[in-house]
Amino acid sequence: MNDLSKPRRTGALLIHGLGGTEFDMGGLHKVLARAGVETHGVTLPGHAGQPEDLLDVRVEDWMDVVTRRYRELCARYEVVHVIGMCLGALLAVELCKRESHTRGALVALSAPVFLDGWSTPWYRGLRYLLYYVPGMPRRIRVQEEDPYGVKSELVRAFIKAGFARGDGFHYQWVPLACVRQVDRLRGMVQQGLCQLDCPTLIMHAEEDELTSPRSARFLGSRIPGATVVMLQDSYHMICVDHERDRVMRDVLAFLGKDPELVRVRKRPAMASAPDQAAAGWSGSSGPCGSFSASGRGGTGGKPSPMRRRWQSGLGEPSGIQMSNSRQGVGRFS
């Protein structure tokens, strides 16, 4: 395995999640820069515009962009780390596999190898049938709803305010046609993981509502020498949730950098909406920047599961809505 502690010119490729932007990564860009790692983001095809832009995007389009960017960085840096969040984590794994990456580390954050989190409904497998109904994948919308993959009530308040203002930090829905491409990518990622020969860090939340710990265990058991870190107080968007500081510290330590560069914050008490308005809270930015993801809000403990609604392209309910019950939750196959 590579010695990641040697003081060589180092770059990092950071890959955002589905429907998201660089803000999916929270403060990772800034803290890596403080550690002397030059960070480079990438905007995936179909992103930074409108959700409709995802309708005709294929896995190959995403892979072409991240591969081209990776090769550019390899020509500039002695060490190149590849870090991905959610969809970006799947792309990072597949990229490192195809490119036989040994120039640095691979960091996979909340990789959805299986879409089997506690918020996913028992009938989720029906989407495989809908893929073959003419026109249906383009009409059905998979809607993002409260709690947006975040356990922190304060961060959720930021997200809601941002969506209400129309901030462009994350799409509020994605077409089922795009989910089909994610399913294709998941199948690719599950193959040939034993070929990976780079230091690999896998971080995942025990309570991830979108993709259960099974995903982390799967990657950890098949990638040689992989390090798996499970988080206890977060949902899917671990870079902006309660344990965001730990995520940044663990990533730094894994890359051979000083974790003390992360300024650990005390968790603030949840303010009421009027208090937040009086204090000048912003929905598009907060302690770590902007936020994104999936889920449903609540109090103290685990909230009611997120409802990812499937809607027709005309905006009318299609009659299919994710259940709020945790009963019958199994796995996508």
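Reader: How many helices and strands does the protein chain have?

Author: Helices (H or I, at least four residues) and strands (E, at least two) are DSSP runs, numbered from the N terminus. Here the protein chain has ten helices and ten strands. This is a predicted model, where local features need pLDDT of at least 70, side-chain atom pairs count only at pLDDT 80 or more, and totals for chains, interfaces and linings use all residues. Residues are numbered from 1 along each chain as its sequence is written, and side-chain values use heavy atoms, with hydrogens and water left out.

Reader: What pLDDT does the protein chain average?

Author: pLDDT is the predictor's confidence in each residue, from 0 to 100. The protein chain averages 81, and 77% of the residues score at least 70. Residues 270-333 have a pLDDT below 50, yet that stretch has 192 contacts in the model beyond near neighbours in sequence. Contact means heavy atoms within 4.5 Å.

Reader: Which residues have the most contacts inside the largest nonpolar core?

Author: A nonpolar core is a set of buried Ala, Val, Leu, Ile, Met, Phe, Trp, Tyr and Cys residues joined through side-chain atoms within 4.5 Å. Buried means under 20% relative accessible area, exposed over 50%, partly exposed in between (1.4 Å probe, protein chains only). The largest core here has 52 residues, and Ile 15, Trp 62, Leu 87, Leu 91, Leu 193 and Leu 219 have the most contacts inside it. Among the elements that each supply at least two of its residues are strand E1 (10-15), helix H2 (59-74) and helix H7 (176-189). A second, separate core of 35 residues includes Met 25, Leu 109, Ile 159 and Phe 169.

Reader: At roughly what angle do the axes of H2 and H7 cross?

Author: Axes are lines fitted to C-alpha atoms, for helices over the stretch in contact, and angles run from 0 to 180 degrees between N-to-C directions. These two cross at roughly 65° and come within 9 Å. H2 brings Val 59, Glu 60 and Trp 62, while H7 brings Cys 178, Gln 181, Val 182, Arg 184, Leu 185 and Met 188. Trp 62 also touches residues including Leu 18, Pro 45 and Leu 91.

Reader: Is His 29 buried or exposed?

Author: His 29 counts as buried because its relative accessible area is 14%. You'll find His 29 in helix H1 (residues 28-34). Its side chain makes a polar contact of 3.3 Å with that of Thr 39; such a contact is a pair of N or O atoms within 3.5 Å, and within protein one must be able to donate a hydrogen and the other to accept it, while residues adjacent in sequence count only if both atoms are side-chain atoms.

How values were computed. Lists of a residue's contacts leave out its neighbours within four places in sequence.
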